[in-house]
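Please look over the chain shown below before reading on.

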Amino acid sequence: MTINPSCVEVHVEDSAILIIDDETTPAGVKEDGRVTYAIANTGPDGGDIGASDVTDTTGFPLASGGSCTISIRHQAKLYAIAESGNEAYVRILVVP
């Protein structure tokens, strides 16, 4: 999934889905560098972000209508999951 330079929305349900990966790293970022992303949940339900084993109880919460900014290392992976039985829509944008 390539998201740079535009904003992309990912539909998230109650199983972990990859939202940031190698392909989302903008061109020109050093291999030991960091990339900053703005992440927003525009869906009707809350969700969580985290590692591949993220759950709706162990992840970083992202409420419906909530947002956060995260700076992660080059080519890191980030996953999202919605609360059990619900759905979220996560928008991702690379912050220059």
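What is the strand order in the open sheet of 4 strands with antiparallel pairing that contains β1? The order is β1-β8-β3-β6, where strands, like helices, are DSSP runs numbered from the N terminus (E, at least two residues, for strands; H or I, at least four, for helices), and where two strands pair if DSSP finds at least two bridges between them. This is a predicted model, in which local features need pLDDT of at least 70 and side-chain atom pairs count only at pLDDT 80 or more, while totals for chains, interfaces and linings use all residues. Residues are numbered from 1 along each chain as its sequence is written, and side-chain values use heavy atoms, with hydrogens and water left out.

The protein chain holds 0 helices and 8 strands, which gives the pattern β-β-β-β-β-β-β-β along the sequence. In the sheet that contains β1, the edge positions belong to β1 (8-12) and β6 (67-73), each of which has a single partner strand, so one side of each is left without a neighbour in the sheet. The twist in this sheet averages 30° from one strand to the next, with axes taken as lines fitted to C-alpha atoms and angles running from 0 to 180 degrees between N-to-C directions.

A further open sheet of 4 strands, likewise paired in antiparallel fashion, has the order β2-β7-β4-β5. Its edge strands are β2 (17-20) and β5 (60-62), each pairing on one side only, and its neighbouring strands are turned by 35° against each other on average, direction ignored. Strands of a sheet pair through backbone hydrogen bonds, either parallel or antiparallel. The table lists several of the antiparallel pairs, with one pair of facing residues for each.

| Strand pair | Bridges | Facing residues |
|---|---|---|
| β3 and β8 | 6 bridges | asparagine 41 and valine 90 |
| β4 and β7 | 4 bridges | isoleucine 49 and alanine 80 |
| β2 and β7 | 3 bridges | isoleucine 17 and alanine 80 |
| β4 and β5 | 3 bridges | isoleucine 49 and phenylalanine 60 |

Alanine 80 of β7 therefore stands opposite both isoleucine 17 and isoleucine 49. Isoleucine 49, in turn, has phenylalanine 60 as its bridge partner in β5.

Asparagine 41 is found in strand β3 (residues 34-41). At 2% relative accessibility, asparagine 41 counts as buried, a word used for under 20% relative accessible area, whereas exposed means over 50% and partly exposed lies in between (1.4 Å probe, protein chains only). The side chain of asparagine 41 reaches the backbone oxygen of aspartate 45 at 2.8 Å. Leaving aside residues up to four places away in sequence, asparagine 41 touches Gly46, Gly47, Leu62, Ala63, Ser64, Gly65, Gly66, Ala88 and Tyr89, a contact being heavy atoms within 4.5 Å.

Glycine 46, one of these contacts of asparagine 41, is found in the loop between β3 and β4. Is glycine 46 buried or exposed? Glycine 46 is buried, with a relative accessible area of 10%. With residues up to four places away in sequence again left out, glycine 46 touches Asn41, Leu62, Ala63, Ser64, Ala82, Glu83 and Ala88. The C-alpha atoms of glycine 46 and alanine 63 are 4.2 Å apart, although these residues are 17 apart in sequence.

**Strand β7 and the interior**

How many of the 5 residues of strand β7 are buried? In β7 (residues 78-82), 5 of the 5 residues are buried, so this strand is largely enclosed by the rest of the structure. In a regular strand the side chains alternate between the two faces of the sheet. Both faces of β7 are covered, with Leu78, Ala80 and Ala82 buried on one side and Tyr79 and Ile81 buried on the other.

The largest nonpolar core has 19 residues, of which Ile19, Ile20, Tyr37 and Ile39 touch the most other members; such a core is a set of buried Ala, Val, Leu, Ile, Met, Phe, Trp, Tyr and Cys residues joined through side-chain atoms within 4.5 Å. The elements that give two or more residues to this core are β1, β2, β3, β6, β7 and β8, and β8 supplies the largest share, 4 residues.

**The chain as a whole**

Of the 96 residues in the protein chain, 39% are buried. Among contacts between residues at least 6 apart in sequence, 75% join residues at least 24 apart.

Methods:
Polar contact = N/O pair within 3.5 Å; in protein donor to acceptor, adjacent residues only side chain to side chain.
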